Amino acid sequence: MGQFFLIPIIFFGLLIFISSFFIVKQQTAAIIERFGRFQAVRQSGLRIKIPLVDRVAGRLSLKIQQLDVIVETKTLDDVFVKLKVSVQYVVVKNNVYDAFYKLEYPHDQITSFVFDVVRAEVPKMKLDDVFVKKDDIAIAVKRDLQEYMSDYGYDIIKTLVTDIDPDAQVKAAMNRINASEREKIAAQFEGDAARILIVEKAKAEAESKRLQGQGIADQRREIARGLEESVEVLNKVGINSQEASALIVVTQHYDTLQAIGGETNSNLILLPNSPQAGSNMLNDMVASFTASNQIGEAMKNANKKEDN
(Lines give C-alpha, C1' and ligand atoms only; values in the text may rest on other atoms or scores of the structure.)
Protein backbone atom coordinates (compact mmCIF):
# COMPACT_ATOMS: atom_id res chain seq x y z
CA MET A 1 0.00 0.00 0.00
CA GLY A 2 2.90 2.36 0.76
CA GLN A 3 4.48 1.65 -2.62
CA PHE A 4 1.31 2.73 -4.44
CA PHE A 5 1.32 5.96 -2.44
CA LEU A 6 4.92 6.77 -3.47
CA ILE A 7 4.30 6.42 -7.20
CA PRO A 8 2.19 9.61 -7.52
CA ILE A 9 4.62 11.52 -5.35
CA ILE A 10 7.55 10.45 -7.51
CA PHE A 11 5.61 11.26 -10.67
CA PHE A 12 4.65 14.67 -9.32
CA GLY A 13 8.25 15.30 -8.30
CA LEU A 14 9.48 14.46 -11.79
CA LEU A 15 7.00 16.90 -13.32
CA ILE A 16 8.18 19.65 -11.00
CA PHE A 17 11.80 18.85 -11.76
CA ILE A 18 11.19 18.86 -15.51
CA SER A 19 9.23 22.12 -15.32
CA SER A 20 12.25 23.82 -13.81
CA PHE A 21 13.96 23.63 -17.20
CA PHE A 22 12.94 25.66 -20.24
CA ILE A 23 14.47 26.50 -23.61
CA VAL A 24 14.88 29.99 -25.09
CA LYS A 25 15.30 30.07 -28.86
CA GLN A 26 18.01 31.97 -30.69
CA GLN A 27 17.39 35.74 -31.07
CA THR A 28 14.74 35.55 -28.35
CA ALA A 29 14.62 36.83 -24.78
CA ALA A 30 12.46 35.29 -22.03
CA ILE A 31 11.17 37.38 -19.10
CA ILE A 32 11.09 35.53 -15.75
CA GLU A 33 8.76 36.67 -12.96
CA ARG A 34 8.73 35.45 -9.34
CA PHE A 35 5.36 35.68 -7.68
CA GLY A 36 4.32 38.26 -10.29
CA ARG A 37 7.40 40.42 -9.93
CA PHE A 38 10.15 40.78 -12.51
CA GLN A 39 13.08 38.52 -11.71
CA ALA A 40 15.40 38.24 -14.72
CA VAL A 41 15.81 38.14 -18.49
CA ARG A 42 17.02 34.87 -19.95
CA GLN A 43 18.77 34.69 -23.34
CA SER A 44 18.89 31.76 -25.77
CA GLY A 45 19.76 28.25 -24.54
CA LEU A 46 18.66 25.78 -21.85
CA ARG A 47 17.64 27.73 -18.74
CA ILE A 48 16.53 26.89 -15.16
CA LYS A 49 13.83 28.47 -13.01
CA ILE A 50 12.42 27.63 -9.59
CA PRO A 51 9.35 25.47 -10.05
CA LEU A 52 6.07 26.83 -8.73
CA VAL A 53 7.84 30.07 -7.86
CA ASP A 54 9.19 31.42 -11.11
CA ARG A 55 7.32 31.57 -14.37
CA VAL A 56 8.04 32.66 -17.94
CA ALA A 57 5.95 35.82 -18.24
CA GLY A 58 6.64 36.31 -21.92
CA ARG A 59 9.09 36.16 -24.76
CA LEU A 60 10.35 38.95 -27.04
CA SER A 61 11.92 38.50 -30.44
CA LEU A 62 15.29 40.20 -30.88
CA LYS A 63 15.08 39.99 -34.67
CA ILE A 64 14.60 43.03 -36.89
CA GLN A 65 10.89 43.41 -37.56
CA GLN A 66 8.99 45.49 -40.11
CA LEU A 67 5.71 47.31 -39.72
CA ASP A 68 3.92 48.74 -42.81
CA VAL A 69 1.76 51.77 -42.12
CA ILE A 70 -0.57 53.30 -44.74
CA VAL A 71 -1.30 56.98 -44.08
CA GLU A 72 -3.86 59.06 -45.99
CA THR A 73 -3.24 62.79 -45.88
CA LYS A 74 -3.55 65.99 -47.93
CA THR A 75 -0.80 67.92 -49.69
CA LEU A 76 -0.27 71.67 -49.84
CA ASP A 77 -2.11 71.86 -53.19
CA ASP A 78 -5.16 70.06 -51.71
CA VAL A 79 -4.53 66.62 -53.22
CA PHE A 80 -5.36 63.56 -51.12
CA VAL A 81 -2.62 60.96 -51.24
CA LYS A 82 -1.88 57.64 -49.55
CA LEU A 83 1.67 56.93 -48.36
CA LYS A 84 2.96 53.52 -47.37
CA VAL A 85 5.67 53.87 -44.72
CA SER A 86 7.72 50.80 -43.78
CA VAL A 87 9.32 50.96 -40.33
CA GLN A 88 12.09 48.50 -39.50
CA TYR A 89 12.69 48.22 -35.75
CA VAL A 90 14.30 45.92 -33.20
CA VAL A 91 14.19 45.39 -29.44
CA VAL A 92 17.45 46.51 -27.84
CA LYS A 93 19.00 43.48 -26.17
CA ASN A 94 19.91 45.38 -23.00
CA ASN A 95 16.49 47.05 -22.75
CA VAL A 96 14.20 44.01 -22.87
CA TYR A 97 12.63 45.02 -19.55
CA ASP A 98 11.50 48.41 -20.92
CA ALA A 99 10.23 46.90 -24.17
CA PHE A 100 8.16 44.30 -22.33
CA TYR A 101 6.74 46.30 -19.44
CA LYS A 102 6.45 49.87 -20.70
CA LEU A 103 4.53 49.23 -23.94
CA GLU A 104 1.49 47.02 -24.16
CA TYR A 105 1.04 47.25 -27.95
CA PRO A 106 4.20 48.56 -29.64
CA HIS A 107 2.70 48.21 -33.13
CA ASP A 108 -0.12 50.59 -32.26
CA GLN A 109 2.30 53.07 -30.72
CA ILE A 110 4.55 53.07 -33.80
CA THR A 111 1.54 53.39 -36.12
CA SER A 112 0.15 56.36 -34.24
CA PHE A 113 3.49 58.12 -34.22
CA VAL A 114 4.00 57.54 -37.98
CA PHE A 115 0.54 59.02 -38.62
CA ASP A 116 1.41 62.06 -36.54
CA VAL A 117 4.75 62.76 -38.28
CA VAL A 118 3.53 62.15 -41.84
CA ARG A 119 0.45 64.32 -41.39
CA ALA A 120 2.70 67.06 -40.05
CA GLU A 121 5.22 66.91 -42.92
CA VAL A 122 3.21 66.16 -46.10
CA PRO A 123 0.75 69.12 -45.83
CA LYS A 124 3.79 71.41 -46.16
CA MET A 125 4.60 70.02 -49.63
CA LYS A 126 2.97 70.06 -53.05
CA LEU A 127 2.22 66.73 -54.71
CA ASP A 128 5.27 66.86 -57.00
CA ASP A 129 7.50 67.64 -54.00
CA VAL A 130 6.12 64.61 -52.13
CA PHE A 131 7.51 62.35 -54.87
CA VAL A 132 10.83 64.20 -54.99
CA LYS A 133 11.30 64.53 -51.22
CA LYS A 134 10.00 61.16 -50.05
CA ASP A 135 13.42 60.44 -48.51
CA ASP A 136 13.08 63.62 -46.44
CA ILE A 137 9.75 62.36 -45.13
CA ALA A 138 11.32 59.01 -44.22
CA ILE A 139 14.20 60.74 -42.43
CA ALA A 140 11.78 62.91 -40.44
CA VAL A 141 9.77 59.85 -39.40
CA LYS A 142 12.91 57.96 -38.34
CA ARG A 143 14.31 60.91 -36.39
CA ASP A 144 11.19 61.59 -34.35
CA LEU A 145 10.25 57.93 -33.97
CA GLN A 146 13.76 57.02 -32.81
CA GLU A 147 13.68 59.69 -30.13
CA TYR A 148 10.29 58.50 -28.88
CA MET A 149 10.76 54.70 -29.05
CA SER A 150 14.25 54.64 -27.51
CA ASP A 151 12.66 55.33 -24.12
CA TYR A 152 10.75 52.06 -24.49
CA GLY A 153 13.66 49.82 -25.42
CA TYR A 154 13.19 49.90 -29.20
CA ASP A 155 15.70 50.93 -31.85
CA ILE A 156 14.44 52.21 -35.22
CA ILE A 157 16.73 50.73 -37.86
CA LYS A 158 15.27 52.39 -40.94
CA THR A 159 12.09 53.98 -42.30
CA LEU A 160 11.14 53.90 -45.97
CA VAL A 161 8.37 55.56 -47.96
CA THR A 162 7.71 52.62 -50.26
CA ASP A 163 4.58 53.83 -52.07
CA ILE A 164 2.87 57.12 -52.93
CA ASP A 165 -0.63 56.72 -54.31
CA PRO A 166 -2.60 59.88 -55.23
CA ASP A 167 -6.30 59.84 -56.04
CA ALA A 168 -7.22 58.12 -59.33
CA GLN A 169 -8.45 61.34 -60.93
CA VAL A 170 -5.25 63.12 -59.97
CA LYS A 171 -3.15 60.35 -61.52
CA ALA A 172 -5.17 60.54 -64.73
CA ALA A 173 -4.66 64.33 -64.85
CA MET A 174 -0.92 63.90 -64.28
CA ASN A 175 -0.76 61.40 -67.14
CA ARG A 176 -2.59 63.84 -69.44
CA ILE A 177 -0.19 66.63 -68.50
CA ASN A 178 2.77 64.38 -69.18
CA ALA A 179 1.33 63.30 -72.54
CA SER A 180 0.63 66.91 -73.55
CA GLU A 181 4.17 67.94 -72.62
CA ARG A 182 5.63 65.13 -74.71
CA GLU A 183 3.39 66.05 -77.66
CA LYS A 184 4.58 69.64 -77.38
CA ILE A 185 8.22 68.54 -77.47
CA ALA A 186 7.47 66.26 -80.44
CA ALA A 187 5.81 69.15 -82.31
CA GLN A 188 8.85 71.34 -81.65
CA PHE A 189 11.17 68.69 -83.05
CA GLU A 190 8.93 68.23 -86.09
CA GLY A 191 8.91 72.00 -86.68
CA ASP A 192 12.69 72.16 -86.44
CA ALA A 193 13.00 69.26 -88.87
CA ALA A 194 10.63 70.94 -91.35
CA ARG A 195 12.54 74.22 -91.09
CA ILE A 196 15.87 72.47 -91.69
CA LEU A 197 14.36 70.65 -94.67
CA ILE A 198 13.13 73.93 -96.19
CA VAL A 199 16.50 75.63 -95.66
CA GLU A 200 18.43 72.73 -97.13
CA LYS A 201 16.02 72.55 -100.08
CA ALA A 202 16.49 76.27 -100.74
CA LYS A 203 20.26 75.86 -100.57
CA ALA A 204 20.06 72.95 -103.01
CA GLU A 205 17.92 74.97 -105.41
CA ALA A 206 20.32 77.93 -105.21
CA GLU A 207 23.27 75.66 -105.89
CA SER A 208 21.36 74.08 -108.79
CA LYS A 209 20.60 77.51 -110.30
CA ARG A 210 24.23 78.56 -109.91
CA LEU A 211 25.49 75.44 -111.63
CA GLN A 212 22.83 75.79 -114.32
CA GLY A 213 23.88 79.39 -115.01
CA GLN A 214 27.49 78.36 -115.07
CA GLY A 215 26.62 75.61 -117.53
CA ILE A 216 24.75 78.03 -119.82
CA ALA A 217 27.69 80.46 -119.70
CA ASP A 218 30.12 77.67 -120.54
CA GLN A 219 27.82 76.53 -123.35
CA ARG A 220 27.64 80.00 -124.89
CA ARG A 221 31.39 80.41 -124.52
CA GLU A 222 31.95 77.17 -126.37
CA ILE A 223 29.42 78.16 -129.06
CA ALA A 224 31.23 81.46 -129.57
CA ARG A 225 34.56 79.68 -129.74
CA GLY A 226 33.10 77.22 -132.26
CA LEU A 227 31.74 80.05 -134.40
CA GLU A 228 35.11 81.77 -134.30
CA GLU A 229 36.86 78.60 -135.42
CA SER A 230 34.25 78.05 -138.15
CA VAL A 231 34.79 81.57 -139.52
CA GLU A 232 38.57 81.06 -139.50
CA VAL A 233 38.22 77.77 -141.40
CA LEU A 234 35.93 79.35 -144.00
CA ASN A 235 38.27 82.32 -144.42
CA LYS A 236 41.09 79.93 -145.22
CA VAL A 237 39.14 78.54 -148.20
CA GLY A 238 38.41 82.01 -149.62
CA ILE A 239 35.08 82.82 -148.01
CA ASN A 240 34.98 86.26 -146.39
CA SER A 241 33.59 86.94 -142.95
CA GLN A 242 30.16 88.12 -144.11
CA GLU A 243 29.64 85.09 -146.32
CA ALA A 244 30.92 82.80 -143.57
CA SER A 245 28.50 84.35 -141.08
CA ALA A 246 25.63 83.89 -143.53
CA LEU A 247 26.57 80.26 -144.07
CA ILE A 248 26.76 79.61 -140.32
CA VAL A 249 23.40 81.27 -139.70
CA VAL A 250 21.74 79.24 -142.45
CA THR A 251 23.29 76.03 -141.11
CA GLN A 252 22.11 76.78 -137.53
CA HIS A 253 18.65 77.66 -138.91
CA TYR A 254 18.20 74.29 -140.61
CA ASP A 255 19.75 72.42 -137.69
CA THR A 256 17.12 74.03 -135.46
CA LEU A 257 14.31 72.98 -137.83
CA GLN A 258 15.67 69.44 -137.92
CA ALA A 259 15.88 69.26 -134.12
CA ILE A 260 12.33 70.54 -133.70
CA GLY A 261 11.00 68.16 -136.33
CA GLY A 262 12.64 65.21 -134.63
CA GLU A 263 10.80 65.83 -131.33
CA THR A 264 7.47 63.94 -131.19
CA ASN A 265 6.11 65.94 -128.24
CA SER A 266 7.18 69.39 -129.39
CA ASN A 267 4.68 72.26 -129.45
CA LEU A 268 3.66 74.10 -132.61
CA ILE A 269 6.37 76.63 -133.60
CA LEU A 270 6.18 78.80 -136.74
CA LEU A 271 9.60 79.63 -138.28
CA PRO A 272 10.55 80.91 -141.72
CA ASN A 273 12.00 78.08 -143.82
CA SER A 274 12.68 79.74 -147.19
CA PRO A 275 16.26 79.77 -148.51
CA GLN A 276 16.37 83.53 -148.01
CA ALA A 277 15.38 83.24 -144.35
CA GLY A 278 18.91 82.77 -143.09
CA SER A 279 20.21 85.62 -145.27
CA ASN A 280 17.42 87.92 -144.09
CA MET A 281 18.18 87.13 -140.45
CA LEU A 282 21.86 87.81 -141.08
CA ASN A 283 21.09 91.12 -142.79
CA ASP A 284 18.82 92.12 -139.92
CA MET A 285 21.52 91.23 -137.44
CA VAL A 286 24.15 93.20 -139.39
CA ALA A 287 21.80 96.17 -139.68
CA SER A 288 21.13 96.02 -135.94
CA PHE A 289 24.84 95.88 -135.14
CA THR A 290 25.52 98.79 -137.52
CA ALA A 291 22.76 100.91 -136.05
CA SER A 292 24.00 100.14 -132.56
CA ASN A 293 27.53 101.17 -133.50
CA GLN A 294 26.27 104.41 -135.05
CA ILE A 295 24.22 105.25 -131.98
CA GLY A 296 27.19 104.52 -129.77
CA GLU A 297 29.48 106.77 -131.88
CA ALA A 298 26.93 109.59 -131.85
CA MET A 299 26.65 109.38 -128.06
CA LYS A 300 30.44 109.50 -127.71
CA ASN A 301 30.68 112.59 -129.97
CA ALA A 302 27.94 114.33 -127.99
CA ASN A 303 29.71 113.66 -124.71
CA LYS A 304 32.97 115.07 -126.15
CA LYS A 305 31.24 118.30 -127.26
CA GLU A 306 29.72 118.75 -123.79
CA ASP A 307 33.14 118.27 -122.20
CA ASN A 308 34.67 120.89 -124.51
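**Sheet pairing and the nonpolar core**

User: What makes S2 and S5 a pair in this predicted model?

Analyst: Two strands pair if at least two bridges are found between them. S2 and S5 are joined over 7 bridges, in the antiparallel sense, so they count as a pair under that cut-off.

User: Why are S3 and S5 said to stand at the edges?

Analyst: The open sheet has 3 strands, ordered S3-S2-S5, with antiparallel pairing. Strand S3 (37-42) and strand S5 (54-61) each have a single partner strand, so each has one side left without a neighbour in the sheet. From one strand to the next, the twist averages 30 degrees.

User: What makes the largest nonpolar core a core, and which residues in it touch the most other members?

Analyst: Members have to be buried, meaning under 20% relative accessible area, and joined through side-chain atoms within 4.5 Å. The largest such set holds 34 residues, and Leu 83, Ile 110, Val 114, Val 118, Ile 137 and Leu 145 touch the most other members. Among the elements supplying at least two residues each are strand S7 (80-91), helix H3 (106-121) and helix H5 (134-149).

User: Which residues is Ile 110 in contact with, leaving aside neighbours within four places in sequence?

Analyst: Those are Leu 67, Val 87, Tyr 89, Leu 145 and Met 149. Contact takes heavy atoms within 4.5 Å, so each of them has at least one such atom pair with Ile 110.

User: And how much of the whole protein counts as buried?

Analyst: Of its 308 residues, 21% do, so that share falls under the 20% relative accessible area cut-off.

Methods
Residues are numbered from 1 along each chain as its sequence is written. This is a predicted model: local features need pLDDT of at least 70, side-chain atom pairs count only at pLDDT 80 or more; totals for chains, interfaces and linings use all residues. Side-chain values use heavy atoms; hydrogens and water are left out. Buried means under 20% relative accessible area, exposed over 50%, partly exposed in between (1.4 Å probe, protein chains only). Helices (H or I, at least four residues) and strands (E, at least two) are DSSP runs, numbered from the N terminus. Axes are lines fitted to C-alpha atoms, for helices over the stretch in contact, and angles run from 0 to 180 degrees between N-to-C directions.
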